[in-house]
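Here are my notes on the model, point by point. Please read them with the structure open.

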Amino acid sequence: MKIVIHEWMVTELKLSRNELFAFAVIYNYKHGEWFNVPRKIIAQWVGVTPRAVSKIIKRLSDIGVIEYQVLRDGEVGTYSSYKIPEFVEMFAEKYDD
């Protein structure tokens with residue numbers, strides 16, 4: 001899988017390095033309104049532990065650039081369902097013009 005960091009992610013969202021990488025992974029998995037991304041995958045791309053990913057996801061949710069709900073937390077890892085808020089999608093559309 002290829003992960004793309006778009007210009008708007010850097011200029012509009014003002015995220016830390018790890019937040020930016022995690023958001024980009026989540027965003028690149030997007031398909032439909034709610035979609036799933038294993039935290040283990042995010043951790044591999046960002047280069048942090050799954051526990052650190054949990055903190056990053058909470059921060060991204062707290063600042064409003066993602067919405068999420070935990071679907072399963074167990075031996076195989078934590079899976080969450082994510083949604084990108086409309087105002088974030090508007091940044092993408094603005095830069096696509």
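1. Terms first. Helices and strands here are DSSP runs, numbered from the N terminus; a helix needs at least four residues and a strand at least two. On that basis Lys14 falls in the loop between α1 and α2. The model is a predicted one.

2. Lys14 deserves a look. The residue is not a glycine, yet its phi is positive, at about 55°. Is Lys14 buried or exposed? Exposed counts as over 50% relative accessible area. Lys14 has 64% relative accessibility, so it counts as exposed.

3. Overall architecture. The protein has 5 helices and 3 strands. Along the sequence they follow the pattern α-α-β-α-α-β-β-α. The radius of gyration is 13 Å, close to the 13 Å that the globule rule gives for 97 residues, so the protein is as compact as a globular protein of that length. The C-alpha trace spans about 45 × 25 × 25 Å along its principal axes.

4. Burial and contact range. Of the 97 residues, 38% are buried. Among contacts with a separation of 6 or more, 52% join residues 24 or more positions apart.

5. The core. The largest nonpolar core holds 28 residues. Which of them touch the most other members? They are Trp8, Phe23, Ile26, Ile42, Leu60 and Ile66. At least two core residues come from each of α1 (7–11), α2, β1 (35–38), α3 (39–46), α4 and α5 (86–96). Helix α2 gives the largest share, with 7 residues.

6. Leaving out residues up to four places away in sequence, Phe23 touches Trp8, Met9, Leu13, Leu15, Leu60, Val65, Ile66, Ile84 and Val88. Take Leu13 from that list. Phe23 and Leu13 are 10 residues apart in sequence, and their C-alpha atoms are 9.8 Å apart.

7. Which residues does Ile42 contact, leaving aside its neighbours within four places in sequence? The partners are Ala22, Val25, Ile26, Val37, Val53, Ile57 and Tyr82.

8. Packing of α2 on α4. Two packed helices are described by the angle between their axes and the distance between the axes. For α2 (residues 17–28) and α4 (residues 50–62), the axes come within 10 Å and cross at roughly 85°. The two helices are therefore roughly perpendicular, as angles of 65 to 115 degrees count as such. On the α2 side, the contact uses Asn18, Glu19, Ala22, Phe23 and Ile26. On the α4 side it uses Ile56, Ile57, Arg59 and Leu60. By class, these residues are 6 nonpolar, 1 polar and 2 charged.

9. Packing of α3 on α4. Here the axes come within 9 Å and cross at roughly 95°. That makes α3 roughly perpendicular to α4. Helix α3 contributes Arg39, Ile42 and Ala43, while α4 contributes Pro50, Val53, Ser54 and Ile57. The contact has 5 nonpolar, 1 polar and 1 charged residues.

10. Tyr68, in strand β2 (residues 67–74). How accessible is Tyr68, and what does it touch? Its relative accessible area is 28%, so Tyr68 is partly exposed. Not counting residues up to four places away in sequence, Tyr68 touches Trp34, Arg39, Ile57, Lys58, Ser61, Ser80, Ser81 and Tyr82. One of these, Lys58, is 10 residues away along the chain, with 8.8 Å between the C-alpha atoms.

11. Glu67, also in strand β2. With a relative accessible area of 34%, Glu67 is partly exposed. Which residues does Glu67 touch, not counting those up to four places away in sequence? They are Trp34, Ser81, Tyr82, Lys83 and Pro85.

Technical notes: Residues numbered from 1 in each chain as written. Predicted model: local features only at pLDDT ≥ 70, side-chain atom pairs only at ≥ 80, totals over all residues. Heavy atoms only, no water. Axes fitted to C-alpha atoms, helices over the stretch in contact; angles between N-to-C directions. Parallel < 35°, antiparallel > 145°, perpendicular 65-115°, else oblique. Contact = heavy atoms within 4.5 Å. Nonpolar A, V, L, I, M, F, W, Y, C, P; charged D, E, K, R; others polar. Core = buried A, V, L, I, M, F, W, Y, C linked by side-chain atoms within 4.5 Å. Buried < 20%, exposed > 50% of the residue type's maximum accessible area, 1.4 Å probe, protein only. Rg over C-alpha atoms; globule rule 2.2 N^0.38 Å.
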